[in-house]
Amino acid sequence: MKREIIKILSSPKLFVYCLVWLMVLVVVGTVSQRDIGLFASQQRYFSSYIFLFGPIPLPGGRIVLALMLTNLITMLFKQNLWKMKKIGVLIVHLGGIMLLVGAGLTAIFSSEGSMVIEEGSRSNTVDDYHATELAIINISEQGYDEYTVFDQPLFVNGNNLRHENLDFDITILEYMDNSTLENRIADSDIQYRGMLKNFSLKEIPRDKDDMKNRPGIIFQVSGSFTDSDGIYGLIFGQSIPAKLNIDEKRYIMSLQKKKTYLPFAIELLDFKKVMHPGTQVAKSYSSRINLIENNVPRSVLIEMNKPLRHKGYTFYQASFIEGLDNEATVLAAVHNYGRLFPYISSIIMSIGLLLHILTNLPSLLKKNKK
Amino acid sequence: MKKSFTFALAFLSIIFFDYKGLNAKDLSEKNIPIQEQGRIKPLDTYARNQALAFYGKRKIKHEEISAIDWMIDLFIHPEKGLEQKIFNIRSPDIVNALDLEWTNNFHKYSYSEIFPGIQNQLPLISNIFDKKEEDRDLFENQLVELYQNIMKYRQIASSLSCLLPMFTVYDPETAEKLHIEPGQFTSYAHIMSHRGSLFNVSQNILTKSEESWTENEREVALLLYNLQQTSLDEFAQALKIIPPAKDDTTGLWISPWELLDGREIEPHQDRIMKSMEAYLVARYDNNSGAMSDALKSYRTGLLSSPGDRVKFSILEKETWLNKANLFTLSLVFYLFGFILLGISWMVQPILLKNVAYGSLISGFMLHTYGIYLRMVIMSRPPISTLYETVIFVGFVIVLLSVVIEYLRKDGLGVFIGSVSGSMLHYVGFGYAADGDTLEMLVAVLNSNFWLATHVTTIILGYGTSLMAGLIGHLYLIEKIRVPNNSKRLKSIYDNMFGVTLIALFFTLFGTILGGIWADQSWGRFWGWDPKENGALLIVLWQLMMVHMRLSGLAKADRFALGMVLNNIVVIMAWFGVNLLSIGLHSYGFASGIAVNIVLFTVFELVTGFGTYYWARSKGKNIKASF
């Protein structure tokens, strides 16, 4: 029985079927980017275990890759592979296993986000590209602010959020991936507070480019037993901060991109953009920064294709924003445990394939075998 | 086999016999450096590209003059240039819109013919400019292009008018002030450099009434009026031929008219202006001695420029490359090889096959030398634009064909090499028709290390993959032709599998290297971007074929069909994903290519499946032994 299972799992036919399905996913996932955008397509077809095609559940990218990994690993138990003659093939497959393991680690553990820093200012937070958070900031104390943060997975309708920092409860009424504000025409509900008195928050279809989506959230504050109890709404990137006053305590509430705090800060000294002379084609971008750790600055130059690596984080020159008299750099920040796997596995696979080719090719390219 | 190489040597020596004198120390007018689109190029390239834009060809064919001669004549006789029939208008709609007459065979028009029509259409043109580019239709695009060409032409025509000898004075005293002989003609630039000496006279002219002017004052007044007229050409700043000043930080070269805007002219710039003026005069007088003296002095001026030194040897190489047309010659040799191979199947098999092989090798050498020169000129690895990928894939396939022919010696390599080499050259010419093929790169691509590793590997992968597909075609054809010759079929199958393994190596390694580059510059190894997925698809397809063979799902016939279909995957990854125009990799933009991709796909499907089923029906009674 055990042998049977290994035989099926390690069969090259299974590998072929996995490949065929993976190719289908790749084609569909590429073409659909035109309509639903890269991020949504990636979530649906590649980063998913199962996705629905109409009513039919189909295996997503992660299941297929996991199956391929199982196939490769069980293949190692085959006796006839461990021969000197097949050393090249064996090495290639070991490399393949490593590549897939690395991909798994990256898929599960890596995080990425962006940092926008103006010239002359500094930052120690990374904003996630996609995930949001609800921050309640207590600003009534002198000298420090107290942050209470709820992550996006908690934003389920009807979910009750509570924290010892807060003298009130929050009940999620609605979370929207993309939303817009509209002037309220009818008389506002007596329960509405803040922005919602004059505006209503409407869900709109998601944009193809996830960066253009403005998530919104509507929630109820209760249990403070003051006039502040009521329904509040927040939208990502709103210009006027939402305030909440309960007795002596003053809070600011904000729906923002999930922030990660770095154990060091980055200060932008100068951003430079060089064009090919007489053209609008950029030749290079670079940011001269100070990496400040324990109040000690270290000067670093981040360029296109030349990122800064520090404490498991990597910072890339991703983009820039040109202001009237000041420029801001946009750095992509990545934290990835699986980084080194592709490097090592590609070397291993290349060596294996080369060995295999070199041992087999001479006889394959001749006109007649003897 | 030795004979083939002898033939190749003979062919090449005939070609290169004509091209000596590459290392001339003197400056030729062709090699005058000019900055355009971010790089320093020879005037020859500039002229060819302008001719291509206006006229549709890299020389003025109906007048039998080269682009460089056309351009210099245009500098010397701007007014004649306005009458020259230089604008090729391909669309009758445009001709009608401009109130011109459409002639069937020769639809070339001059500036003076077109300009009134353009003026009448200015409201329409400004409307089109307000539209987004993707919303414009064909007519609107063509009209805008013609408008821009007309404006550019006017600029180029007037760009050296400040150096033409058009002014003189006969009064000895004034002449002396201007440092000329009385009656000697001189240029706007020369007079402007001595304009201070005319200050007193011009003050007199301004204060006195016209009747009381002296003879001398009258002459100066006329001169000033004429200078004023010429200064209207000030807008003509297209020709950036003068290196920047010493304290410049932008690296921007300047045009003669810009230099005359009142700024301080540095010695090297002055020398270049004066030499150019002398050259134009000598050329006008047809005095070849004076021309070469002027160019020598021009060269000295360039050499004394501050900043980056002008690399004359690079300019000369580019001019030579323009003239030599190596890829066209290479195409000729490929075609010649193909024809000879065809004839060899009927008469003189051994001799003609050797000559055909020699011809393929010669074409390959020229092909290689062309790629090498382009690398030297741009000082970067061989592939960075879509055009260059086409040229390089051709190179890879012909290289493999030469090797296979060397090993097999039965014409198979010559056949594949000559057919695919010619076809890819032909596709390449389609891309070259867009203008300068030596382009500058956007920031993310501007990395020689990654261009050399990832891009080259992946393109090697495309080339070898296509090669495997071609052998697949050949296998199926042979299976129909000689179903009983299992020895021959087996040897072709082996070749195909061998090339597939090489292809898999390059596509796999190239794709992973691409991931590593992405990890280095964007922070993620893999982002499911269309171009990445395209490359991945080739790898997956080839992995599938290899494992189908291993698991017995595919025997030789099916493997051959699989590799034929792999061609479609390669073309999709290579050109198809650019049509999606999404993702970070869409640098090679091409709009008319969709039709060609569809045609190619249909062709491969029909021939692939057609020959596959035909071969199967033929081979039914013969038991395959492998």
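In this predicted model, the contact between the two chains draws 50 residues from chain A and 57 residues from chain B. On the side of chain A that touches chain B, several elements give two or more residues. The helices among them are H2 (12–31), H3 (33–36), H4 (38–46) and H7 (340–365) of chain A. The strands are E14 (282–293), E17 (313–322) and E18 (327–335) of chain A. By residue type, this side of chain A splits into 28 nonpolar, 15 polar and 7 charged residues.

Chain A is divided into three parts: domain 1 (2–110 + 339–365), domain 2 (111–124 + 260–335) and domain 3 (130–258). Between the C-alpha centres of domain 1 of chain A and domain 2 of chain A the distance is 36 Å.

Chain A also holds an open sheet of 4 strands. Their order is E6-E7-E10-E11, and the pairing is antiparallel. Strand E6 (160–161) and strand E11 (230–235) of chain A stand at the edges. Each has a single partner strand, so one side of each lacks a neighbour in the sheet. In general, strands of a sheet pair through backbone hydrogen bonds, either parallel or antiparallel. Strand E10 (residues 216–222) of chain A is joined to E11(A) by 6 bridges. Here A:Gly216 is found opposite A:Ile235 in E11(A).

The largest nonpolar core has 141 residues. Those with the most contacts inside this core are B:Val393, B:Met467, B:Met496 and B:Ala560. Helix H22 (residues 486–521) of chain B gives the most to the core, contributing 17 residues. Beyond residues up to four places away in sequence, B:Val393 touches B:Leu424, B:Ile459, B:Tyr462, B:Gly463 and B:Leu466. A second core, separate and made of 57 residues, includes B:Leu178, B:Met273, B:Leu280 and B:Tyr298.

One residue of chain B, B:Ala356, was examined in detail. B:Ala356 lies in helix H18 (residues 349–378) of chain B. There are 28 other C-beta atoms within 10 Å of B:Ala356, so this residue is buried; the cut-off for buried is 20 or more. With neighbours within four places in sequence left aside, B:Ala356 is in contact with B:Gly337, B:Leu340, B:Leu341, B:Ser344 and B:Val414. B:Phe336 is 20 residues from B:Ala356 in sequence. In space, the two are 7.2 Å apart, C-alpha to C-alpha.

Definitions and conventions. Residues are numbered from 1 along each chain as its sequence is written. Chains are lettered from A and ligands numbered from 1 in the order in which they are written. This is a predicted model: local features need pLDDT of at least 70, side-chain atom pairs count only at pLDDT 80 or more; totals for chains, interfaces and linings use all residues. Two strands pair if DSSP finds at least two bridges between them. Domain bounds come from an automatic or database domain assignment. A nonpolar core is a set of buried Ala, Val, Leu, Ile, Met, Phe, Trp, Tyr and Cys residues joined through C-beta atoms within 7 Å. A residue is buried if 20 or more other C-beta atoms lie within 10 Å of its own, exposed if 12 or fewer, and partly exposed in between; C-beta atoms are placed from the backbone. Two residues are in contact if their C-beta atoms, placed from the backbone, lie within 7 Å. Ala, Val, Leu, Ile, Met, Phe, Trp, Tyr, Cys and Pro count as nonpolar, Asp, Glu, Lys and Arg as charged, and the others, Gly among them, as polar.
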